[in-house]
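This report goes through one protein model, from its overall fold to a few selected residues and their surroundings. Please keep the sequence and the coordinates at hand while reading.

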Amino acid sequence: MFIVKLKFSDNKSLAKDYMEGHKAWLQTWFDKGVFILSGSIKPSGGGAIIAIGVGQMELESIIAEDPFVIEGVVKPEITELAVSKSDERLSFLLE
């Protein structure tokens, strides 16, 4: 599992121009089952995504396709989390 932080850069003001493309990009990867959670980092820090079922290199390629990344609105930071324990509602993450 990976935690992806998309931290706003100095180009944060451009976010509104690329928001629809960013949302479409997110939906593509939710539909493919790679992204299982996304949301905003409060207050105004950018966003975060939880991704599963891919390796680091593949995820880096996916993140590079985000319009926010392409246009320099955010800077991505990818962290791998080796899940060893979870609430039973999230047991699928241990598979």
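## Overall fold

Strands, as the word is used here, are DSSP runs of E with at least two residues, while helices are runs of H or I with at least four residues, and both are numbered from the N terminus. In this predicted model, strand β4 accordingly covers residues 74-80, and V74 lies in that strand. The secondary structure of the protein comprises three helices and four strands, and their order along the sequence is β-α-β-β-α-α-β. The radius of gyration is 14 Å, close to the 12 Å that the globule rule gives for 95 residues, so the protein is as compact as a globular protein of that length.

The C-alpha trace spans about 40 × 25 × 20 Å along its principal axes. Of the 95 residues, 28% count as buried, and the protein exposes about 6100 Å², of which carbon and sulfur atoms supply 53%. Among contacts between residues at least 6 apart in sequence, 67% join residues at least 24 apart.

## Aromatic rings

How many aromatic pairs does a search of the whole structure find? The search finds two aromatic pairs. In one of them, the rings of W25 and F35 have their centres 5.3 Å apart and their planes at 70 degrees, and because an angle over 60 degrees counts as edge-to-face, the pair is described in that way. This pair links distant parts of the chain, with W25 in helix α1 and F35 in strand β2 (residues 35-41), ten residues apart. Both partners are buried, W25 at 6% relative accessibility and F35 with a relative accessible area of 2%.

The rings of F30 and F35 also form a pair, with their centres 6.1 Å apart and their planes at 85 degrees, so this pair too is edge-to-face. F30 counts as partly exposed, at 28% relative accessibility, whereas F35 is buried. Taken together, the ring pairs link W25, F30 and F35 into a cluster.

## A histidine in helix α1

Helix α1 covers residues 15-31, and H22 has its place there. Is H22 buried or exposed? With a relative accessible area of 9%, H22 is buried, since the cut-off for that class is under 20%. When residues up to four places away in sequence are not counted, H22 touches L6, D66, P67 and F68.

## The loop between β2 and β3

The loop between β2 and β3 (46-51) holds P43, and a cis peptide bond, with omega at about -10 degrees, joins K42 to P43. S44 has its place in this loop as well. The phi angle of S44 is near 50 degrees, which is a positive value in a residue other than glycine. At 51% relative accessibility, S44 counts as exposed, because exposed here means over 50%.

K7 lies in strand β1, which covers residues 2-8, and K7 is partly exposed, with a relative accessible area of 37%. Which residues are in contact with K7, leaving aside its neighbours within four places in sequence? They are G45, V73, V74, K75 and E77. K7 and V34, by contrast, are 27 residues apart in sequence and 20 Å apart in space, C-alpha to C-alpha.

V74, in strand β4, is buried, with a relative accessible area of 4%. Not counting residues up to four places away in sequence, V74 touches L6, K7, F8, S9, F68 and V69, and L6 and F68 are also among the residues that H22 touches. V74 and G46 are 28 residues apart in sequence, while their C-alpha atoms are 7.2 Å apart in space.

Conventions
Residues numbered from 1 in each chain as written. Predicted model: local features only at pLDDT ≥ 70, side-chain atom pairs only at ≥ 80, totals over all residues. Heavy atoms only, no water. Rg over C-alpha atoms; globule rule 2.2 N^0.38 Å. Buried < 20%, exposed > 50% of the residue type's maximum accessible area, 1.4 Å probe, protein only. Contact = heavy atoms within 4.5 Å. Areas by Shrake-Rupley, 256 points an atom, 1.4 Å probe, with all protein chains shown as cover. Phe/Tyr/Trp six-rings, centres within 6.5 Å; stacked < 30°, edge-to-face > 60°.
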